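Trainee: I would like to learn how to read helix packing, strands and backbone angles in a model. Can we go through one together?

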Amino acid sequence: MLIFLTGLIYRNLVKPALFLFDAELVHTKFTDLGEWMGKYIFLKRFFSKIFIKDSEILKQTISGIEFRNPVGLAAGFDYEAKLTQILPQIGFGFGTIGTITNNPYCGNPSPMLGRLPKSRALLVNKGFKNDGAKKVAEKLKELEFDIPIGISIGRTNSRDLTTQTESVADIIKAFKTFEQSYIKNSYYELNISCPNLFGDISFYSSENLEELLIEVDKINVSKPIFIKMPIEKTNDEVLAMLEVIATHSIDGVIFGNLQKDRKNPCLDQEEVAKSGKGNFSGKPTYDRSNELIALAYKKYRDKLVIIGCGGIFSAEDAYAKIRSGASLVQLITGMIYQGPQLIAEINIELEKLIKHDGYANISEAVGSDI
Ligand SMILES: Cc1cc2nc3c(=O)[nH]c(=O)nc-3n(C[C@H](O)[C@H](O)[C@H](O)COP(=O)(O)O)c2cc1C
């Protein structure tokens with residue numbers, strides 16, 4: 001009942017008020033509020049009582065990590081690592097920090113964030129705004145985490161990084177900084193698919209990806225690594241990337257990142273015309289993410305764990321990704337449009353959907369459409 005009420009109040013009162021203000025400002029204020037709330041045990045207990053819906057059916061152990069439910073916060077919302085102490089209380093099963101890069105970056109020129117309500121999308125042009133690996137690792141190493149924390153690592157967004165070799169070295173330095181900090185209950189996301197960076201460096205070709213992953217293998221990291229994949233590449237291009245990934249010490253892949261195609265049918269063209277530089281999250285990413293999850297699952301189900309990400313606004317959306325082959329799912333945009341109670345709603349409804357289909361655990365539903 002309280003979850004339902006929270007959603008009703010958010011969608012009818014809170015969201016219309018928040019949407020009157022600049023998106024970047026609202027985001028900063030909300031993450032500050034989340035960080036503040038995470039410091040108070042009574043507030044955490046209060047939220048836990050409302051939003052945590054533990055269920056044996058939703059629990060899984062993946063790559064040696066225990067996930068109490070499959071719904072995670074995707075990379076890009078908590079790039080300053082402010083929310084790790086409150087995400088579990090809202091019901092998340094895991095949460096990503098970053099993307100973090102070896103050197104800090106102040107962000108692309110504003111606006112870095114925009115809203116496209118008719119398209120149920122956000123316009124993103126941050127370009128890896130973050131405090132740098134050293135500062136974030138210092139913060140994280142002091143903390144305990146109730147849920148697994150994904151540390152998303154990418155290439156520093158700088159005009160000074162001009163070659164592939166320099167970019168690989170930069171990413172490896174960031175990995176080493178986190179490895180030396182012994183961060184608890186965590187895994188890595190290697191983001192090779194940010195569309196908003198300086199320069200022409202790309203890890204999409206087999207040769208470049210191979211060169212990067214050889215260096216990653218060499219440092220022998222202690223935690224699982226999942227690669228954040230692009231969604232704008234063709235099936236053949238993605239299969240070529242997966243062929244490389246499957247031969248390295250990589251646990252899985254995340255499908256996927258933002259939508260670059262401004263003609264995507266989910267985008268309202270009037271809203272697109274008013275949008276500046278950047279790429280789109282939310283519904284424009286949904287279908288292609290599902291297609292790529294299925295594509296990867298068909299061929300690599302035994303070698304790679306798949307995390308589904310893109311356009312999840314409901315339990316049905318999450319379940320479609322799971323049935324296509326995703327073991328876990330992540331979201332941002334759905335939470336912004338539907339409200340923070342969406343995570344609990346998805347977990348409650350997912351349990352029902354899984355039971356309805358006659359499965360004893362979510363892992364049995366993974367890939368059941370394929
Ligand atoms: C504001 C914002 C910032 C993002 N920044 C990152 C990022 O730093 N690293 C990354 O891997 N993905 C980033 N993304 C992409 C998301 O992680 C996700 O792949 C995409 O938004 C699709 O999920 P959604 O539709 O649930 O938002 C960002 C998305 C948003 C909305």
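Mentor: Start with handedness. A crossing is left-handed if the near helix is turned anticlockwise from the far one by less than a right angle, and right-handed if clockwise. Helices (H or I, at least four residues) and strands (E, at least two) are DSSP runs, numbered from the N terminus. Here, H6 passes H7 in a right-handed crossing. Before going on, note that this is a predicted model: local features need pLDDT of at least 70, side-chain atom pairs count only at pLDDT 80 or more, and totals for chains, interfaces and linings use all residues. Residue numbers start from 1 along each chain as its sequence is written.

Trainee: At what angle do the axes of H6 and H7 cross?

Mentor: Two packed helices are described by the angle between their axes and the distance between the axes. Axes are lines fitted to C-alpha atoms, for helices over the stretch in contact, and angles run from 0 to 180 degrees between N-to-C directions. H6 (residues 164-179) and H7 (residues 206-219) have axes that cross at roughly 30 degrees and come within 10 Å. Angles under 35 degrees count as roughly parallel, over 145 as roughly antiparallel, 65 to 115 as roughly perpendicular and the rest as oblique. H6 and H7 are therefore roughly parallel.

Trainee: Which residues make the contact of H6 with H7?

Mentor: Two residues are in contact if their C-beta atoms, placed from the backbone, lie within 7 Å. H6 contributes Gln164, Val168, Ile171, Ile172, Phe175 and Lys176. H7 answers with Asn208, Glu211, Leu212, Glu215, Val216 and Ile219. For classes, Ala, Val, Leu, Ile, Met, Phe, Trp, Tyr, Cys and Pro count as nonpolar, Asp, Glu, Lys and Arg as charged, and the others, Gly among them, as polar. This contact has seven nonpolar, two polar and three charged residues.

Trainee: How do H5 and H6 cross?

Mentor: The axes of H5 (residues 133-141) and H6 cross at roughly 20 degrees and come within 9 Å. That makes H5 and H6 roughly parallel. Their crossing is right-handed. Ala133, Lys134 and Ala137 of H5 meet Ala174, Thr177 and Phe178 of H6. By class, that is four nonpolar, one polar and one charged.

Trainee: Which strands form the closed barrel?

Mentor: Two strands pair if DSSP finds at least two bridges between them. Eight strands close the barrel in the order E3-E4-E7-E8-E9-E10-E12-E13, with parallel pairing. From one strand to the next, the twist averages 30 degrees. Take E7 (residues 149-154) and E8 (residues 186-191): they run parallel, joined by five bridges.

Trainee: Which residues come nearest to the ligand?

Mentor: A residue is near a molecule or strand if its C-beta atom, placed from the backbone, lies within 6 Å of it. Of the 28 residues around the ligand, Ala74, Ala75, Gly76, Ser281 and Thr333 come nearest. The shell divides into 13 nonpolar, 13 polar and two charged residues.

Trainee: Which peptide bonds are cis?

Mentor: Most residues other than glycine have a negative phi, and most peptide bonds are trans. Gly98 to Thr99 is cis, with omega near 20 degrees. Thr99 sits in strand E4. Phe255 to Gly256 is also cis, with omega near -10 degrees. As for phi, Ala81 has a positive value, near 55 degrees.
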